[in-house]
Amino acid sequence: MVGTVVISKAGRDKDKVMVIVKETENHLLVCDGKERPVERPKRKNPKHLKLTNTRLTADRLETNPRLRKALKSAVYEEEM
């Protein structure tokens, strides 16, 4: 699941596009490269996330600018 683009369904980050960077036993760690950088991911309950069919490669998850650019293009592709 790491690298899957998700949309938050609950919380203060509702409707924001993020990507899963790590899985724990009961939660997923997500980030967006801006408010939630790769160095400080947000812990989210999986039932509060809507999974998309888009996956990002590991090299896109390395830095915040790359992650922001990849998420922007993923959102653009989903809207089409």
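Three salt bridges: that is what this structure holds. Keep in mind that the model is predicted.

Take Asp13 and Lys44. Their side chains meet in a salt bridge, 3.0 Å from N to O. The pair links distant parts of the chain, 31 residues apart. Asp13 sits in the loop between strand E1 (4-8) and strand E2 (17-23), and Lys44 in strand E4 (residues 42-44). Buried or exposed, this Asp13? Buried, because its relative accessibility is 9%, and the cut-off for buried is under 20%. Lys44 counts as buried too, at 5%.

Next, Lys16 and Glu35. This salt bridge has an N to O distance of 2.5 Å. It also links distant parts of the chain, 19 residues apart. Lys16 is in the loop between E1 and E2; Glu35 is in the loop between strand E3 (28-31) and E4. Lys16 is partly exposed at 31%. Glu35 is partly exposed at 43%.

Then Arg66 and Glu62. Their closest N and O atoms are 3.2 Å apart. Arg66 is partly exposed, at 43%, while Glu62 counts as exposed, at 53%.

Now the charges overall. The protein chain has 19 positive and 12 negative charges. Their mean positions lie 5 Å apart.

On to the fold. There are 5 strands and 1 helix. The order from the N terminus is β-β-β-β-β-α. Buried residues make up 34% of the chain.

Methods. Residues numbered from 1 in each chain as written. Predicted model: local features only at pLDDT ≥ 70, side-chain atom pairs only at ≥ 80, totals over all residues. Heavy atoms only, no water. Helix = DSSP H or I, 4+ residues; strand = E, 2+ residues; numbered from the N terminus. Buried < 20%, exposed > 50% of the residue type's maximum accessible area, 1.4 Å probe, protein only. Lys, Arg positive; Asp, Glu negative; His and termini not counted. Charge placed at Lys NZ, Arg CZ, Asp CG, Glu CD. Salt bridge = Lys/Arg side-chain N within 4 Å of Asp/Glu carboxyl O.
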